[in-house]
Structure formats: structure tokens, C-alpha cells
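Here is a friendly walk through one model, with the sequence and coordinates alongside. Keep the viewer open and follow each stop as it comes up.

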Amino acid sequence: MNFKNLIFFCALLFSTTVFTQKITCSPKDKEIFSEKIATLKEIDVSNNSFGKTLTNIGKSFLGTPYVAKTLEIGSKETLVVNLQGLDCTTFVENVLALGLMIHQKKDDFETYTSYLEKIRYRDGTLKGYASRLHYFSEWISNNEEKKLIKNVTNEIGGQEIDKQINFMSTHRSLYPYLKDDANYIKIQQSEIKISESPICFLPKNEIVENENLIKTGDIIALTTSINGLDITHTGFAIRKEDGRIHLLHASSKGQVEISELPLADYLQGIKHNTGIIVSRVLQ
């Protein structure tokens, strides 16, 4: 999506978006939700692994435009529902929320937003901007504590490294909400806590030999050598007809897609990538 189209998209979104005390959602997004639920209810989950169900849901978003910073709306943090444009993290969050709904045989909007809040925010509760799980390594660990996922990287050959996480606080001007000193201090505190735990990742040159241990539907997070940052991208593993693991993701190149190259080869073209973290969704 080019800059002109992004401006148009944002203008359209703001012209129709409904702001409540806690949820920001447009009528169009509610319509898309209803249509998607109606379609997804036809999935026979009894014959599918949960991972297969998740990738089926993910594929229902193929072609959806990539749009960055869709959660940075309004003057205070709300639960943003946006199914018209997705970034890599909101793609994973929405697929996971819908997957949990399908397996729980739920189809109402309130259940969907409750799952979305549970996934997106620390300990499952929206308590302002700093409660959002901005760093994806914390997103993984916190959702593991909620027993929604399990980090299996160590089980498939991962190795640990210590890294100081402070990208947001050292790039304060990039984050409008950090103009508020209270938000800034809380983010700094989160960064200190995140930095206390090592990052376990599978180096990219070891992915091929361990690829058979990655399952369709696993959440793949791309680790980085960029100072102060843990993860730059995420998506779902999907095993294609070639027998290789590919990446189902909201690509910053334009839309939700499945990588043409296998994951191990795809990563070779990503500057600063060091490897992956693999998390398995629990039923």
C-alpha cells in the first residue's frame, strides 16, 4: 500500500469508526467479522489439528492489505478492531482469537473482543498504552503464562542469548503515546523486566535441519540483531506441498500472503535476521 492509499484508508476508517469507552471499531469491521464467522463455522474442526484450523483461518485473510500502526488511534489506548488492514502482529492476534472462538463454538462479537483483549494485553486486561504487549518476546511469554501458547524453541534446538531490550525508550519520537511521561516510564520498566530473561531462538542456519519439528499453525517470530529490539516480524508456519515450512503472514510488502520461498530461504533475504522463535498454540 503506497502513502497516498494509506492516507485514503485512514481517512475512510476515521470517517466511520465508532469510539466507545474501551473498543474502537467501524461498522465495516463488524460486518467483516460477521461474514468471516459465518464462513469459518463451516470448517470441520473435528478432523483438523488446531494448527490446521489456524492456517485455514489465516488463509481466509489472504490479500488483506498490510497497514502499519493500526492500533495507534485516538488520544488514549482502546481495543482496536481492524479487519480491513493488518500488520504482522494484529494478523496473528486476530487469527488466534478467531481460532479460539471456533473451537469453543462461539460466534458473538463480545467473545471475539474478549479474546482479542486477552491476547493483546499484559495479563489479559487493557490498562492503558503500556499494558499492550509491544515487544513480541513479552507477547510470547505472557500468552504462555495465560496457557494460550507454548514456546517450543528450546525443544527444537534453540539457544539462549542475553540482550538488552530498549528500542522504544531509545526511539521515543517514533511512538506518539510516549510523549506522555507516565507512559514512557512504564515502557522503560517493561523493558527492564523483559531484558532480565534470555531470548531462546533457533539460528537461521539451523532451521533446515530442524524444520521437521515445526508444525503447521506454529507461530513464527523473527529475531533480529538490531540494537534494543527482540523481534521484527511474525506469522504462522504452514507446510506446503513441497514438504517445506513456509510463512503465512501479513507482509510489509503489501498484503497477507504465503511466502513463495520456504521459511529458511525466505529469511536469507531479511537484513539483520538472526533466526526464529517457535510457539505452539494450545487448545
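## Two buried aromatic pairs

Phe61 and Phe91 are both buried. In this predicted model, their ring centres lie 6.1 Å apart and their planes meet at 90 degrees, so the two rings form an edge-to-face pair. Phe61 belongs to the loop between helix 3 (50-59) and strand 3 (79-81), while Phe91 belongs to helix 4, so the pair ties together parts that are 30 residues apart in sequence.

Now turn to Tyr129 and Tyr177. Here the centres are 4.7 Å apart and the planes are at 10 degrees, so this pair is stacked. Tyr129 sits in the loop between helix 5 (109-120) and helix 6, and Tyr177 in the loop between helix 7 and helix 8 (181-195), so the pair ties together parts 48 residues apart in sequence. Tyr129 and Tyr177 are each buried.

## Other rings, and charges over them

In total, the structure holds 7 aromatic pairs. Ring pairs also join Phe33, Phe109 and Tyr112 into a cluster. One member of that cluster, Phe109, has a charge over its ring: the charged end of Lys30 sits there, 4.8 Å from the ring centre.

Another charge over a ring involves Arg172 and Tyr184. The charged end of Arg172 sits over the ring of Tyr184, at 3.9 Å from its centre. Tyr184 comes up again below, among the residues touched by Ser169.

## Helix 4 from end to end

Helix 4, which carries Phe91, covers residues 88-103. Does its length agree or disagree with what 1.5 Å a residue would give? Its 16 residues should span 22 Å, and the end C-alpha atoms are 23 Å apart, which agrees. Of these 16 residues, 14 are buried, so helix 4 is largely enclosed by the rest of the structure.

Both ends have something to look at. At the start of helix 4, a side-chain oxygen of Asp87 comes within 3.1 Å of the backbone nitrogen of Thr89. Just after the helix, Lys105 adopts a positive phi of about 55 degrees.

## Helix 6

Which residues of helix 6 are the buried ones? They are Phe136, Ser137, Glu138, Trp139, Ile140, Asn142 and Asn143. After helix 6 comes Lys147, with a positive phi near 65 degrees.

## Ser169 in helix 7

Ser169 is found in helix 7 (residues 167-170). Is this serine buried or exposed? Its relative accessible area is 11%, and with buried meaning under 20%, Ser169 counts as buried.

Leaving aside residues up to four places away in sequence, Ser169 touches Tyr184, Gln188 and Glu191. With Glu191 there is also a polar contact between the two side chains, at 2.6 Å.

## Tyr266 in helix 10

The last stop is Tyr266, which lies in helix 10 (residues 263-267). What does Tyr266 touch, not counting residues up to four places away in sequence? The list is Leu222, His233, Leu247, His249, Ser259 and Leu261.

Tyr266 and Leu213 are 53 residues apart along the chain, and their C-alpha atoms are separated by 18 Å.

Technical notes: Residues numbered from 1 in each chain as written. Predicted model: local features only at pLDDT ≥ 70, side-chain atom pairs only at ≥ 80, totals over all residues. Heavy atoms only, no water. Buried < 20%, exposed > 50% of the residue type's maximum accessible area, 1.4 Å probe, protein only. Helix = DSSP H or I, 4+ residues; strand = E, 2+ residues; numbered from the N terminus. Polar contact = N/O pair within 3.5 Å; in protein donor to acceptor, adjacent residues only side chain to side chain. Contact = heavy atoms within 4.5 Å. Expected span 1.5 Å × (residues − 1). Phe/Tyr/Trp six-rings, centres within 6.5 Å; stacked < 30°, edge-to-face > 60°. Lys NZ or Arg CZ within 6 Å of the ring centre and 35° of its normal.
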